[in-house]
Amino acid sequence: MIDSERMVCGNATDGGKDGMRELNVAVIGYGLAGSVFHAPLIAAEPRLRVATVVTSSGERAEQARAENPGVRVVAGAEEVFADPAGIDLVVVATPNRTHAPLAMRALAAGLPVVVDKPFALTSAEGEQVIDAAERAGLLLTVFQNRRWDSDFRTVRRVIADGGLGEVRRFESRFERWRPVTKGGWREVGGVDDGAGILYDLGSHLVDQALALFGPVAEVYCELDTRRDGVQADDDAFVALTHVSGVRSHLWMSAVAPQLGPRFRVLGSVGGYVSYGLDPQEAALRAGDRPEAGKPWGTVEPEGWGLLGAEGDTHPTPTEPGDYPAFYTAVADALLDGAPPPVDPHDAVAALRILERARASAHYGSTR
């Protein structure tokens, strides 16, 4: 059990935005995750501020200073852990293999932690981090931002509304067409790096399937490396049979010259099909930022999915995406003792599925 009275280390200051209490956040890593996803969403929450950025890159250090006025930039995470007095929350946004070790160091320093996905390289490693957080009575949560995608929020709504009847099959895809490799660690790294598309995009797809349909009885996986010069898997298919009887079919690929539907959900009386990706990532990459009172994550009618059965389908409004809700919930947890936005035990459950998927692909059998 997390002790809410111990979540904040006593560094929050009054007189922040609009006179609210303001928590100081250290973002470790300022690549894509840190600069595009975490820092802008932290800044959008009035009770949080990006106070420190950890990066060893001079270019990224200058970027961090330009994008976060008044930020302190340090070259290594140990500078944060050695003197944590001015920090209320650590965000780990570094390469996958460092997620669990850095989370453990933050917790040992008495700091609550947000860890980017995948939470850890193994479920056992994830359990160790959870145990450390529970012993310390500190907040620990995982950045499963795709729970707040516009299309996924819509899937949840149409299921809850009963328009599909009894859900029988759930199809979900993150497909891309990237025939030319970039050569980064996600492509040329190994299992010990957490490289490959199964752990990258699969962390999202498996989490969404578990959030919708619960525990899994059987896992089947096909895992391939299709492109020259790539060491890690870049094309994957995972089939889950949930205890409830629902079947989830999940595709992840960097080599799909034509893209399938993002979601296809089939029930006893109706289905839902949608194409395209949630707009929030593209907006953040383009430099757009969530602002109070302004539309965010909205999808125009031409991008709405179709709901119904053959011969009787109609567009249904897509829910707005809401990535800012993650850090709103983090602030609520730290300041008011609310539950974390993502239970880290959920992330461990997803890691167990990914481990079973990799074993299935290796042995060519259901696990």
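Mentor: Buried means under 20% relative accessible area. Keep that cut-off in hand; this is a predicted model.

Trainee: Is F326 buried or exposed, then?

Mentor: F326 has a relative accessible area of 0%, so it is buried. F143 comes out at 1%, so F143 counts as buried too.

Trainee: How do the rings of F143 and F326 sit against each other?

Mentor: Planes over 60 degrees apart count as edge-to-face. Here the angle is 90°, with 5.0 Å centre to centre, and the pair is edge-to-face. F143 lies in strand β6 and F326 in helix α11, 183 residues apart. The structure holds 10 aromatic pairs.

Trainee: Which residues do ring pairs link into a cluster?

Mentor: F37, F143, W148, Y323, F326 and Y327.

Trainee: How many residues does the largest nonpolar core have?

Mentor: A nonpolar core joins buried residues through side-chain atoms within 4.5 Å. The largest one here has 101 residues, and V90, F119 and Y327 have the most contacts inside it. Helix α11, residues 324-336, gives the most to this core: eight residues. Domain 1 (23-143) and domain 2 (150-320) each supply at least three.

Trainee: What is V90 in contact with, leaving aside its neighbours within four places in sequence?

Mentor: A26, I28, V80, F81, A106, L111, P112, V113 and V114.

Trainee: Where do charged ends sit over rings?

Mentor: Take R173: its charged end sits over the ring of W251, 3.9 Å from the centre. The charged end of R262 sits over the ring of F263, 4.0 Å from the centre.

How values were computed
Residues are numbered from 1 along each chain as its sequence is written. This is a predicted model: local features need pLDDT of at least 70, side-chain atom pairs count only at pLDDT 80 or more; totals for chains, interfaces and linings use all residues. Side-chain values use heavy atoms; hydrogens and water are left out. Buried means under 20% relative accessible area, exposed over 50%, partly exposed in between (1.4 Å probe, protein chains only). Helices (H or I, at least four residues) and strands (E, at least two) are DSSP runs, numbered from the N terminus. Domain bounds come from an automatic or database domain assignment. Contact means heavy atoms within 4.5 Å. Rings of Phe, Tyr and Trp (its six-membered ring) pair if their centres lie within 6.5 Å; planes under 30 degrees apart count as stacked, over 60 as edge-to-face and the rest as tilted. A charge sits over a ring if NZ of Lys or CZ of Arg is within 6 Å of the ring centre and within 35 degrees of the ring normal.
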